[in-house]
Amino acid sequence: MTITIGIEGTAHTLGVGITDERCNVLANVIEMYRPPEGGLHPREAANHHTDIVASAISKALSEAKMSLNDINVVAFSKGPGLGPCLRVAATAARALSVRLNIPIMGVNHCVAHVEIGNATTGCTDPVLLYASGGNTQIIAFANGKYRIFGETLDIGIGNMLDKLGRELGLGYYAGPTIEKLARDGTKLLDLPYSVKGMDMAFSGIMTAAVSLKKKGHTLEDIAYSVQETCFAMLAEVTERAMAHIGKHEVLMGGGVAQNSRLRGTISKMAEDRDAEMFVPQPRLCIDNGAMIAWLGHVMYDSGVRMTIDDTKVDQRFRTDEVDVTWR
Ligand code: FE2
C-alpha cells in the first residue's frame, strides 16, 4: 500500500492531505488564511502558512491515525501560485523527503483539481471548469496533454467577487454573500459581457458593477447581474470547449464551483447537450492537500521521479507544461 502526503500552498490555503493508492482520503486538513483587512498579501499568507504547516502535518497524521513512518511519498503544489506561499509548501515537503528518505513529487495545482475529480466523482474524460480566486480556466485532456481551452485574461472570477465584495462593503471572501444577495435580485442590469474568442475578462465587470452602486441600484440587483453575466460567460466558453473536442462530461473545480447558481447554470448547459456534470465533494473541490497527495501518487505510480533539484517552485506553472505519463 502506498501512502502519500500532499501539501497544498498556492494561495490563501495551507492544506495537508493523506491518500492511499485507491484515492481513499485518509486526512484532509485545510487551514485558510483570512486577512484582517484589505486583500490577500502573499507575504502575510506565507507567514500564516509557515506558522501552521508543522501542526497541520501533525493534525493530518492523527486524522489518518498514522505516524510519519507510514508515509511513502510526499507531494506538494509546485505551482501556479504566489511565490512566498509556494515556497512554504515546497520547503516543508523537501524537509519530509530528506528526513524520511522518501520520494518527492512537485505537482501542478490545476491538474490536481482534475485528477481528484476523476478519481472521486466517476467522470473519466471531462472538461474541467476551474473557477477559483486566483484561477479561471477551462481545461481538458487532448493530444497527450491537459490543455487550456479558455481562461481569464485578467483576474480569476473569485478574485473579482472578493474585490467587488470589498468595494461594496461586504467583507472579504464575499462570494457566499454575493450569492445570497443575488437570490433576491430581480433586475438584470447592463454589464460588459467579455468573452474574447475562448478567453474571458472580469475586471471591467467589477468596475461597472461598482458604478451601478453609485447610480443607486440595490446590492441584490447588482449581485444578481454580476452572477448572471459572469456565469453565462463561463458556461459559453465551457460549452464551446465541449463541442469543439467532443467531450460529454463537465467537471467543476475551485472555490467558486461551490456557488449553487453557477452549478445550476452549468448543469442546465450540460443537460441541453446530453452531457453530465460532476462536482467533487466540497472539501475536495476547494484548494486542499488531498488532491495534491493524489496527483503525487498518480505521478509516482506512473514512474515519475524527481530530485530535490527538480522541486523549485514555478509561479507560472502552466497546465499544458505537465508531461501526462499516467493516461
Ligand atoms: Fe485551486
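Reply: Let us begin with contacts, meaning heavy atoms within 4.5 Å. In the protein chain, residues 24 or more positions apart account for 74% of the contacts with a separation of 6 or more. This is a predicted model, in which local features need pLDDT of at least 70 and side-chain atom pairs count only at pLDDT 80 or more, while totals for chains, interfaces and linings use all residues. Residues are numbered from 1 along each chain as its sequence is written, and side-chain values use heavy atoms, leaving out hydrogens and water.

Me: What makes a residue count as buried, and what percentage of the protein chain does so?

Reply: Buried means under 20% relative accessible area, exposed means over 50%, and partly exposed lies in between, with a 1.4 Å probe and protein chains only. Of the 327 residues, 56% count as buried.

Me: What makes a set of residues a nonpolar core, and which residues have the most contacts inside the largest one?

Reply: A nonpolar core is a set of buried Ala, Val, Leu, Ile, Met, Phe, Trp, Tyr and Cys residues joined through side-chain atoms within 4.5 Å. The largest has 48 residues, and Ile157, Met160, Phe202, Val226 and Leu262 have the most contacts inside it. Leu262 touches Leu129, Ala131, Phe231, Leu234, Met252, Val256 and Ala257, not counting residues up to four places away in sequence. A second, separate core has 33 residues, including Leu14 and Ile57.

Me: How do you know that strands S2 and S3 pair?

Reply: Strands (E, at least two residues) and helices (H or I, at least four) are DSSP runs, numbered from the N terminus. Two strands pair if DSSP finds at least two bridges between them. S2 (residues 13–19) and S3 (residues 25–32) are joined by 7 bridges and run antiparallel, so they meet this definition of a pair. They form a hairpin with 5 residues between them, and Cys23 in the turn has a positive phi of about 65 degrees.
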